[in-house]
Number of protein chains: 2
Amino acid sequence: MTKKAVILLSGGLDSATCLAVAKRDGFDSYALSFFYGQRHDSELDAARRVAQAGGAREHRIFDLGLSAWGGSALTDEALAVPKGASADAEGIIPITYVPARNLVFLSLAAAWAETLGAHDIFIGVNSVDYSGYPDCRPEFIDAFRRTVTLGTRTADDGGEWEIHTPLQHLGKAEIIRLGVSLGVDYSLTVSCYDADREGRACGDCASCHLRREGFRAAGIPDPTRYAARH
Amino acid sequence: MTKKAVILLSGGLDSATCLAVAKRDGFDSYALSFFYGQRHDSELDAARRVAQAGGAREHRIFDLGLSAWGGSALTDEALAVPKGASADAEGIIPITYVPARNLVFLSLAAAWAETLGAHDIFIGVNSVDYSGYPDCRPEFIDAFRRTVTLGTRTADDGGEWEIHTPLQHLGKAEIIRLGVSLGVDYSLTVSCYDADREGRACGDCASCHLRREGFRAAGIPDPTRYAARH
């Protein structure tokens with residue numbers, strides 16, 4: 001029997017690569033996306049396209065009312081998305097941080113996985129994110145793995161969960177090279193924090209800067225659809 | 001400044017007691033309940049009454065689509081709620097187990113707490129629940145505490161979260177005595193897995209058995225409203 005895994009799929013570049021890695025590693029993929037009041041909900045259209053292209057067995061979009069709590073530029077209309085490459089400055093938790101986001105996402109992934117009889121979750125956290133987002137760091141991921149193993153049926157049956165972070169030690173260019181080698185079509189993905197309704201990237205936010213620089217460094221033509229010429 | 005805490009409030013006996021303890025300990029209480037497709041949604045009416053009576057500063061009900069995943073008698077219409085005191089047999093994870101429920105609840109409590117600038121969460125897990133539910137055990141709670149400390153701003157500012165489990169070592173009768181000493185009105189609470197629309201308890205499910213036995217053992221008249229005479 002093929003092993004099942006839940007893949008956290010944002011519709012961005014990293015998680016699309018993660019899905020391809022899960023497929024390469026022989027997992028049956030159950031892709032999970034969240035609507036959490038993010039302004040860039042064209043991400044979810046991208047997630048649908050990526051899930052289909054990536055051969056996910058199933059794709060669910062979980063509607064999560066996190067925006068009710070505010071406190072992040074990604075969910076709070078009153079806060080502007082910062083522009084410029086330095087917006088995610090090293091060592092400072094950026095305003096685009098959603099409180100406990102990966103903790104909530106991983107917990108819901110675990111809940112779905114538990115009903116599927118799965119104990120594998122893929123998440124596309126990577127070294128680019130480490131500095132600013134505590135919930136992308138290896139020590140957090142490992143603490144979560146331990147917590148979910150203790151908090152579900154595995155506590156009694158001796159099983160172990162695995163939280164796969166195949167991008168953990170990769171930079172953006174390496175992620176792109178890996179994905180291209182696995183056949184990922186990055187034109188389907190949206191990374192921009194501020195994409196328009198058609199999913200075209202702003203080209204100016206920290207995420208756009210990182211992504212464009214990644215394609216440049218990888219020596220691979222950037223297939224991103226931009227709202228304006230950059 | 002008074003310290004804020006998020007209190008997980010189901011509307012049952014345990015969490016009502018927890019709220020009273022948080023108040024006793026000087027916290028400003030932010031009560032959080034979940035609608036997760038549970039059949040006993042009269043619990044939420046109870047939660048509203050309990051939050052108000054218990055002096056919560058704010059009460060939010062978070063709509064969580066867990067029922068979409070099925071797999072538990074508490075959320076799945078196709079599964080019957082088991083009757084009889086032995087329904088939650090020792091050492092067997094009961095059919096009323098909701099996959100990774102406390103993990104999901106605690107994660108969302110942490111997300112809210114983070115936006116409130118709070119690092120304290122109260123949850124009413126207790127020794128009665130230990131045998132069947134892995135996500136009620138101390139080792140799970142402590143692993144979660146570590147995970148949330150590593151996954152939020154405290155990872156960088158050196159702060160520590162605290163997950164308060166004031167009922168951890170108490171049996172049902174002791175919980176009731178504690179709550180009565182703190183002025184909890186248990187007639188407002190609903191513990192039954194299968195309450196009717198008016199919040200009257202079935203009197204037959206495992207939760208009803210435990211609760212009734214608790215009042216008997218505490219020597220306190222049972223104020224529970226039952227659907228039929230027991």
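**Close-up views of a predicted two-chain model**

**View 1. Helix α2 of chain A.** Helix α2 of chain A takes in residues 42-53, which is 12 residues in total. From its first C-alpha to its last it reaches 17 Å, close to the 16 Å expected at 1.5 Å a residue. Please keep in mind while browsing that this is a predicted model.

**View 2. The buried residues of α2(A).** Which residues of α2(A) are buried? They are A:E43, A:A46, A:A47, A:V50 and A:A51. These residues sit on the same side of α2(A), because they cover an arc of only 135° around the axis.

**View 3. Chain A from end to end.** Stepping back from the helix, you can count 8 helices and 5 strands in chain A. Starting at the N terminus, the elements follow the order β-α-β-α-β-α-β-α-α-α-β-α-α. Of the 230 residues in chain A, 53% are buried. Among contacts in chain A with a separation of 6 or more, 71% join residues 24 or more positions apart.

**View 4. Inside the largest nonpolar core.** The largest nonpolar core has 130 residues. Those that touch the most other members are A:I7, A:A109, B:I7 and B:A109. Take B:A109 as a place to look around: leaving aside neighbours within four places in sequence, B:A109 is in contact with B:V6, B:L8, B:L32 and B:I121.

**View 5. Two copies and how they are related.**

**View 6. The side of chain B that touches chain A.** Here 35 residues of chain B are in contact with 35 residues of chain A. On the chain B side, β3 (58-63), α3 (101-116), α5 (138-151) and α6 (154-157) each supply at least two residues. Which element gives the largest share of this side? That is α3(B), with 10 residues. By type, the residues of this side of chain B divide into 19 nonpolar, 9 polar and 7 charged.

How values were computed. Residues numbered from 1 in each chain as written. Chains lettered and ligands numbered in written order. Predicted model: local features only at pLDDT ≥ 70, side-chain atom pairs only at ≥ 80, totals over all residues. Helix = DSSP H or I, 4+ residues; strand = E, 2+ residues; numbered from the N terminus. Expected span 1.5 Å × (residues − 1). Buried ≥ 20, exposed ≤ 12 C-beta atoms within 10 Å, placed from the backbone. Arc of directions from axis to C-beta. Core = buried A, V, L, I, M, F, W, Y, C linked by C-beta atoms within 7 Å. Contact = placed C-beta atoms within 7 Å. Nonpolar A, V, L, I, M, F, W, Y, C, P; charged D, E, K, R; others polar.
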